[in-house]
Amino acid sequence: MSRTLSAAVGLVLAAGLAALPATAVAAPVVAPAAPVQGYTAAAGYAGSAAEDADNQAFYEAVMKSALAKQAATPYLKVVYVTYDASSAPTFRNQIAQSAQIWNSSVGNVQLRSGSAADFRYYEGNDSRGSYASTDGHGRGYIFLDYQQNRQYNSTRVTAHETGHVLGLPDHYSGPCSELMSGGGPGTSCTNPYPNSTERSRVNSLWARG
C-alpha cells in the first residue's frame, strides 16, 4: 500500500513543534501485512494478533541487525541499537530525549544515533497519526505525524513508538504511567517513561546480547 506524505510549509522553531518544516521527508513505501502499531486507536480497541506479530517481526529484525554488528565483540553484554533521525529533523530533540529515556531505563540495550542504522525515523502528515510500520518481514521504520505530536506530548509519542522497536506491544487500556498505553489515557497524559514492568520486559528481551 503506497503512501504519499504531503509537504507542509512553515518555519521550524526552536521547540521543533510550533510550526511545520518547509519540506517533509517521505517515508519509504511499506505495505503493512496488518494495521500499523499506532499511538492512538479507536475507543475500546485493544490491538490484534496480526499487529503483535508484525511488531515482533520488526523487533526481531532490529535485534538481528544489531547483533550482526556486535559480532566483533561477542562478550559485550550490552547491545547497541543504532538509529537514523536525519529524515525527521523537526523531532530531533524528541528523538534524542526518547533515546536518553530508554538508555537510562534499561541496561541490556542502548540506543545511539549513527550511520549503518538498524532503524530510521521519518516525519510528515498521516491521518493515522504516528506509528511503527512494518511489512511483516521485519523491515520497517518509525513515522512521526505533525498534527498528533501537537495534540499529544511529543516525547511520549516518540518514546512509545521506540518501545515497539525494543519489543513492546501496544496496550491502549493501560494507565498513563504505562508508556505503551499510548494515547489511551488522553491528551493530558505527558509521561514519557516506561514503567517497571516495561523496563523489565525490555531488559529480559535483550538480556546477555
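Colleague: How many helices and strands are there in the protein chain?

Modeller: There are five helices and six strands. A helix here is a DSSP run of H or I with at least four residues, a strand a run of E with at least two, and both are numbered from the N terminus. From that end, the elements run β-α-β-α-β-β-β-β-α-α-α. This is a predicted model, where local features need pLDDT of at least 70, side-chain atom pairs count only at pLDDT 80 or more, and totals for chains, interfaces and linings use all residues. Residues are numbered from 1 along each chain as its sequence is written, and side-chain values use heavy atoms, with hydrogens and water left out.

Colleague: How do you know what pLDDT the protein chain averages?

Modeller: pLDDT is the predictor's confidence in each residue, from 0 to 100. The chain averages 80, and 75% of the residues score at least 70. Over residues 1-23 the pLDDT is below 50, yet this stretch has 57 contacts in the model beyond near neighbours in sequence. A contact means heavy atoms within 4.5 Å. Residues 29-35 also stay under 50, with 22 contacts beyond four places in sequence.

Colleague: What makes the link of Cys176 and Cys189 a disulfide?

Modeller: The term needs a pair of cysteine sulfur atoms within 2.5 Å. The sulfur atoms of Cys176 and Cys189 are 2.1 Å apart, so the pair meets that definition. Both cysteines sit in the loop between α4 (154-165) and α5, 13 residues apart. The link is right-handed, with 90° about the S-S bond. A search of the whole structure finds one disulfide. In general, a disulfide is a covalent bond between the sulfur atoms of two cysteines.

Colleague: Why is Cys189 called buried, and what is Cys176 called?

Modeller: Buried means under 20% relative accessible area, exposed over 50%, and partly exposed in between, with a 1.4 Å probe and protein chains only. Cys189 has 3%, so Cys189 is buried. Cys176 has 29%, so Cys176 counts as partly exposed.

Colleague: What makes Ala116 exposed?

Modeller: Ala116 is at 53% relative accessibility, so Ala116 counts as exposed. Ala116 is found in the loop between β3 and β4 (119-124). Its phi is near 50°, a positive value in a residue other than glycine.

Colleague: Is Gln97 buried, partly exposed or exposed?

Modeller: Gln97 has a relative accessible area of 37%, so Gln97 is partly exposed. Gln97 is found in helix α2.

Colleague: Why is Ser177 called partly exposed?

Modeller: Ser177 has a relative accessible area of 45%, so Ser177 is partly exposed. Not counting residues up to four places away in sequence, Ser177 touches Asn191, Tyr193 and Asn195.

Colleague: What caps the N-terminal end of α5?

Modeller: Asn195 does: one of its side-chain oxygens lies 3.2 Å from the backbone nitrogen of Thr197.

Colleague: Which residues of α5 are buried, and why are they on the same side?

Modeller: In helix α5 (residues 196-205), the buried residues are Glu198, Val202 and Leu205. They cover an arc of only 65° around the axis, so they lie on the same side of α5. That arc is taken from the directions from the helix axis to the C-beta atoms. What covers these residues includes α1 (49-70), α2 (92-105) and β3 (109-113).

Terms used
Polar contact = N/O pair within 3.5 Å; in protein donor to acceptor, adjacent residues only side chain to side chain.
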